[in-house]
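Here's a walk through some of the local features of this protein, written for someone with the model open on screen. Take a look at the sequence and the structure before reading on.

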Amino acid sequence: VTILAPNSIQLDFNKPIKISQLTDINNYFINNGIGKPTLAEVIGINESSVKLTLANAIIIGAESILTVANLINCAGLPIDPNSNTAILLMTPPIQPNDLLISEILFNPITDGIDYVEVYNATENTLDLKDLTISNSSATGTGNSKRTIGSASVFIRPRTYWVLSADPEIIMRGYDVKNPNHMVKISNMPAYNNDKGTVALWK
């Protein structure tokens with residue numbers, strides 16, 4: 001599921017679905033008072049994506065559950081609605097001091113790797129996708145400014161998360177209690193072994 005706007009989402013199925021089923025608004029339901037969509041439009045030519053227009057907007061900061069029912073895939077098999085659900089979450093904009101840098105490892109052990117630990121100091125779930133990371137606190141421009149992720153990375157309130165180019169290396173060298181709290185950044189900024197400066201940018 002991709003949230004396009006507060007009142008618009010896109011669903012992508014892994015197999016083609018009959019158009020008549022994709023476009024039937026009664027096959028979709030979202031809790032938290034959002035209800036069923038007012039319009040379902042097929043996207044593309046593969047009959048596997050649909051755009052839903054909602055009369056009631058998704059509530060920012062609250063998890064809503066989308067349930068899809070009455071669908072049959074191209075093989076003629078019904079799709080179980082109990083396993084055909086998705087969480088919808090729109091996070092509030094990240095403000096200064098919402099996300100704190102709690103630790104920087106810029107001089108790792110042999111065969112180790114740099115990492116940056118961050119802490120969500122709020123009572124809200126935040127999305128790291130909204131940020132970039134750099135090794136310069138001056139401007140953060142040019143090649144030093146790197147995207148944390150192209151897809152949403154939700155971090156829960158009052159939790160610590162680790163950003164690294166290779167979380168697997170960190171887990172081999174340290175006792176990691178929450179391996180699901182690690183984010184792989186394919187193009188992590190480089191830090192010198194004698195010192196390191198980290199900045200997060202919106």
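## A proline in a loop

P179 sits in the loop that runs between α2 (167-173) and β15 (182-184). Keep in mind that this is a predicted model. How accessible is P179?

Going from P179 to P167 takes twelve residues in sequence, and the C-alpha to C-alpha separation in space is 8.3 Å.

## Two aromatic pairs

How many aromatic pairs does the model have? The count comes to two. Y115 and Y174 make one of them: their ring centres are 6.3 Å apart and the planes stand at 90°, so this pair is edge-to-face, as the cut-off for that class is over 60 degrees. Y115 belongs to strand β9 (residues 115-120) and Y174 to the loop between α2 and β15, so the pair ties together parts that are 59 residues apart in sequence. As for cover, Y115 is buried, at 10% relative accessibility, while Y174 is partly exposed, with a relative accessible area of 35%.

Y119 and Y160 also pair up, with ring centres 4.5 Å apart and planes at 35°, so that pair is tilted. Here Y119 comes from strand β9 and Y160 from strand β14, so the contact ties together parts that are 41 residues apart in sequence. Y119 is buried, with a relative accessible area of 17%. Y160, on the other hand, counts as partly exposed at 45% relative accessibility.

## The sheet with β9 and β14

Strands β9 and β14 also turn up in an open sheet of four strands, in the order β8-β9-β14-β15 and with mixed pairing. Which strands stand at the edges? From one strand to the next, the twist averages 25°.

β14 and β15 run parallel and are joined by three bridges. If you want a spot to look at along this pairing, L163 stands opposite V183 in β15.

## A three-strand sheet

There is also an open sheet of three strands, ordered β12-β11-β16, and its pairing is antiparallel. Its edges are β12 (146-147) and β16 (199-201), each with a single partner strand, so one side of each is left without a neighbour in the sheet.

How many bridges hold β11 and β16 together? Strand β11 (residues 132-134) pairs with β16 over three bridges, in the antiparallel sense. Within that pairing, T132 stands opposite W201 in β16.

## Strand β2 and its partners

Is strand β2 mostly covered or mostly open? β2 (residues 8-12) is mostly covered, with four of its five residues buried. One partner of β2 is β1 (residues 2-5), which pairs with β2 in the antiparallel sense over three bridges. The two are joined by a hairpin through two residues, and A5 has S8 in β2 as its bridge partner.

β2 also pairs with β5, again in the antiparallel sense, over five bridges. On this side, the bridge partner of D12 is S49 in β5.

## Two positive phi values

To finish, here are a couple of backbone spots to check. E47 is a residue other than glycine with a positive phi, near 55°. You'll find E47 in the loop between β4 (39-43) and β5 (49-53). With a relative accessible area of 31%, E47 is partly exposed.

R158 is another residue other than glycine with a positive phi, this one near 60°. R158 lies in the loop between β13 (154-155) and β14 (160-164).

Methods
Residues numbered from 1 in each chain as written. Predicted model: local features only at pLDDT ≥ 70, side-chain atom pairs only at ≥ 80, totals over all residues. Heavy atoms only, no water. Pairing = 2+ DSSP bridges. Buried < 20%, exposed > 50% of the residue type's maximum accessible area, 1.4 Å probe, protein only. Phe/Tyr/Trp six-rings, centres within 6.5 Å; stacked < 30°, edge-to-face > 60°. Axes fitted to C-alpha atoms, helices over the stretch in contact; angles between N-to-C directions.
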